[in-house]
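Please look over the sequence and the 3D structure shown here.

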Amino acid sequence: MGGENIERELDYNFKMFVFEKTNGAGSDTKRQWLTYDSILDELDKLGEFKLMDEIKYRITDKENDRKVFLTTLEKINSKSVRLNLLINSI
């Protein structure tokens, strides 16, 4: 019945947080958040939805974004080639 169109509060908060971080920011900051977005996309493909939520919760709670990604991604045992390349570019 179209219920899947309702955006979860966590996703909305994260999207707004990223917008605030990148709006008017320099190219390095924008590139960094594009990399984070690619990592989240890769986690989605791997079915790591709990880790995606953990990342979003911790970042919107104002934790250090780089540290959040690095510590959370350590929990994945079998990483894809693309994910490893993305992690190395953080």
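## Basis of the model

This is a predicted model, in which local features need pLDDT of at least 70 and side-chain atom pairs count only at pLDDT 80 or more, while totals for chains, interfaces and linings use all residues. Residues are numbered from 1 along each chain as its sequence is written, and side-chain values use heavy atoms, with hydrogens and water left out.

Helices are DSSP runs of H or I with at least four residues, numbered from the N terminus. Contact means heavy atoms within 4.5 Å.

## Helix α3 and what follows it

Helix α3 covers residues 49–60. Its 12 residues should span 16 Å at 1.5 Å a residue, and the end C-alpha atoms are 17 Å apart, which agrees. The expected span here is 1.5 Å times one less than the number of residues.

The buried residues of α3 are L51, M52, D53, I55, K56, R58, I59 and T60; buried means under 20% relative accessible area, exposed over 50%, and partly exposed in between, with a 1.4 Å probe and protein chains only. These buried residues pack against α1 (9–22), α2 and α4 (65–73).

After α3 comes K62, which lies in the loop between α3 and α4. Most residues other than glycine have a negative phi. The phi of K62 is near 75°, a positive value in a residue other than glycine. K62 counts as exposed because its relative accessibility is 64%.

Two packed helices are described by the angle between their axes and the distance between the axes. Axes are lines fitted to C-alpha atoms, for helices over the stretch in contact, and angles run from 0 to 180 degrees between N-to-C directions. Angles under 35 degrees count as roughly parallel, over 145 as roughly antiparallel, 65 to 115 as roughly perpendicular and the rest as oblique.

The axes of α1 and α3 come within 10 Å and cross at roughly 55°, so α1 is oblique to α3. Their crossing is left-handed, a term used if the near helix is turned anticlockwise from the far one by less than a right angle (right-handed if clockwise). On the α1 side the contact is made by L10, D11, N13, F14 and F17, and on the α3 side by D53, K56, Y57, I59 and T60. These residues divide into 5 nonpolar, 2 polar and 3 charged. Here Ala, Val, Leu, Ile, Met, Phe, Trp, Tyr, Cys and Pro count as nonpolar, Asp, Glu, Lys and Arg as charged, and the others, Gly among them, as polar.

Which residues does L10 touch, not counting those up to four places away in sequence? They are D53, K56, Y57 and T60. L10 is in helix α1 and counts as buried, at 8% relative accessibility. L10 and D53 are 43 residues apart along the chain, with their C-alpha atoms separated by 7.7 Å.

The crossing is left-handed. Q32, W33, Y36, I39, L40 and L43 of α2 make the contact with D65, R66, F69 and L73 of α4. By type, this contact has 7 nonpolar, 1 polar and 2 charged residues.

For α2 and helix α5 (residues 81–88), the axes come within 10 Å and cross at roughly 155°; the two are therefore roughly antiparallel. α2 passes α5 in a left-handed crossing. T35, S38, I39, D41, E42, L43, K45 and L46 in α2 meet R82, L83, L86 and I87 in α5. The residues of this contact divide into 6 nonpolar, 2 polar and 4 charged.

## Two residues of α2

L46 belongs to helix α2 (residues 27–46). With a relative accessible area of 35%, L46 is partly exposed. Leaving aside neighbours within four places in sequence, L46 is in contact with S80 and L83. L46 and S80 are 34 residues apart in sequence and 8.3 Å apart in space, C-alpha to C-alpha.

D41 also lies in α2 and is partly exposed, with a relative accessible area of 36%. Between D41 and T60, 19 residues apart along the chain, the C-alpha separation is 18 Å.
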